[in-house]
Amino acid sequence: MARKPEIIREHNLHHSFCGLVSVGWLYQKIKDSFFLILGTHTCAHLLQNTLGVMIFARPRFAVALMEEADLSSAQPALEAQIEAIRREHHPSVIFLLSSCTPEVIKVEFEGLAQSLSRPDLPVLFVPASGLDYTFSQAEDSVLQALLPLCPVSERDTPEIVFLGSVNDTIADDFAHEAACLGLPVAGFLPSNHMRDLPAIGPNTIIAPLHPYLARVANLLQQERGATVLSSLFPLGPDGTRMFWEDLARAFGQTIDLADREAAAWERLKTHTSLLKGKRIFLASDTLMEIPLARFLQACGCEIVECSTPYVNRRFHAHELSRLEEVRLVEQPDLHHQLERIDEIKPDLVIANIMSTNPLIGHGVLAKWSMEVAFMPIHGWAGSHTLISMFTLPMQRHAQLNARGTTVMDPLWTTGLMPSQQEHSA
Ligand code: SF4
C-alpha cells in the first residue's frame, strides 16, 4: 500500500452541523420507526428548517420540547408521548435521541429509555447532540443502538451485511451486483423494516458503504466477531471497482472489474472533461471528504486541500493511501481555512452549510456539502448522480457568466434551483 499522507490537525474542536439532521434520512429508511428527540426550541427549529416537513405529512419524528426544569421529571411526560406515538403511528421501534441540553447537564436518558421499552416496542437511546457528533455520525449512533436487536448468526459459511443507510434503488443495485458475482447477502443494516434486521455473527463480512460508520463497524467486530471489509468506499467508478474486487476476495474469488470501471468512466466523460484540471478545496463536515477527494482526484481534479472533522486512520486506510500528495487537515480552524481559500482561489469549494453562502457572497464558487449525504451516490448506479453534484454548479456558474450576470444567486450556484431554461420549460 502507498505511503499514508501527513494529516495536519489545526483544532481540538469540530465545526459541524448537528447530528439530529440524520433523522431526515433515517426515518425514511427505517419505515416502521419513530424518532423522538429530547430537545429544545432550537432543535425543533433546526429540524423544521432543514428538513422542511409539512405538518400534514405526519412525519415519523417529533421533538419532545424540554427546558432544563423538565429534565429531572421527564419520565411521566415521555410515557404519555410514547403512548400517543404508539396509538397514532404503530411503530416497531422508537429511537430516543438526546440533544445538547440533556448532555450538558448530564441527564442520564439511557436508563429512562430502558424503562420505557416494552417487549413489543423497544425504545432505544441514541446520543446525537451537536456538541459531540457530526451530523453524519449520528447514523453510527442509531446503528449501534440497533445492534442488540440483530439476531446472532450461527452460519458456518460467510455472508455479507452491507452497513449504512441507502435508498431502495441503491440497495437493490448492491443486492443485484452481489447476486451476479455469486456473493451471498444476509441483508442491510439498517433494513427497511425491523423484522428484516440481518443476523450477524463470526461469519459475517461487514461491507461499509459510508465512511462515517467507524464506531459501529468496530462494535460489530468486537461484539459479534464479524469481519469488516477494508477497501475503498463504493463511491465513483474507482471506489466501486475496488470495493467489489476486495469483497469478492474475502470470499476467495479473484475478479477483475477493469472493463466495468472503464465503461463507467466512459459514460461520465462529459463530466470528467469539465472537472479535469480544476482545483478543488474540500472544506466540509460530512466525514465523506476523504473518499470524495479520492474520487475527484480520479476525475482529474487537483485537490488543493481536504479538510474533515475526523480521520480514522484504520477505517480510512485505503482511502488515505490514495491521497498521498494532498494537504489533509483534521478539525480545521475555520478562520485559517477561509484565509487559505482566499489565497488559493480554488475553482470550486465544497463547504459546510455555515460557510457556503458567505463564500458565494464573496464571489467564490461553492457547493453545499450536505446534499451529498442525502443523494443516491453509491455504486455503479450512483456514479452519475455523484459526479453531477460537482459539475452542475460549475455549469450553472458558466451559464450565468455567459449571460453577463454579475450577481450570483446562491441557490443556483449550489444547484438547488432550476436554471432559467429549466424554469420556463
Ligand atoms: Fe439541538 Fe444541540 Fe443540535 Fe442545536 S446543536 S439543534 S441545541 S442538539
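This is a predicted model: local features need pLDDT of at least 70, side-chain atom pairs count only at pLDDT 80 or more; totals for chains, interfaces and linings use all residues.
Author: Local features need pLDDT of at least 70 and side-chain atom pairs pLDDT 80 or more, whereas totals for chains, interfaces and linings use all residues. Residues are numbered from 1 along each chain as its sequence is written, and side-chain values use heavy atoms, without hydrogens and water.

Reader: Within what arc do the buried residues of α2 fall?
Author: Helices (H or I, at least four residues) and strands (E, at least two) are DSSP runs, numbered from the N terminus. In α2 (residues 41-51), C43, L46, L47 and L51 are buried, that is, under 20% relative accessible area with a 1.4 Å probe and protein chains only. They line one face of the helix, because the directions from the helix axis to the C-beta atoms fall within an arc of 95 degrees.

Reader: Which exposed residues does the face of α2 turned away from its buried side carry?
Author: Exposed denotes over 50% relative accessible area. The residues of α2 on that face are T42, H45 and N49.

Reader: Which element gives the most to the shell around the ligand?
Author: The ligand is surrounded by 8 residues, the closest being C18, L20, C43, S99 and C100; a residue counts if one of its heavy atoms lies within 4 Å. The element giving the most, with 3 residues, is α2.
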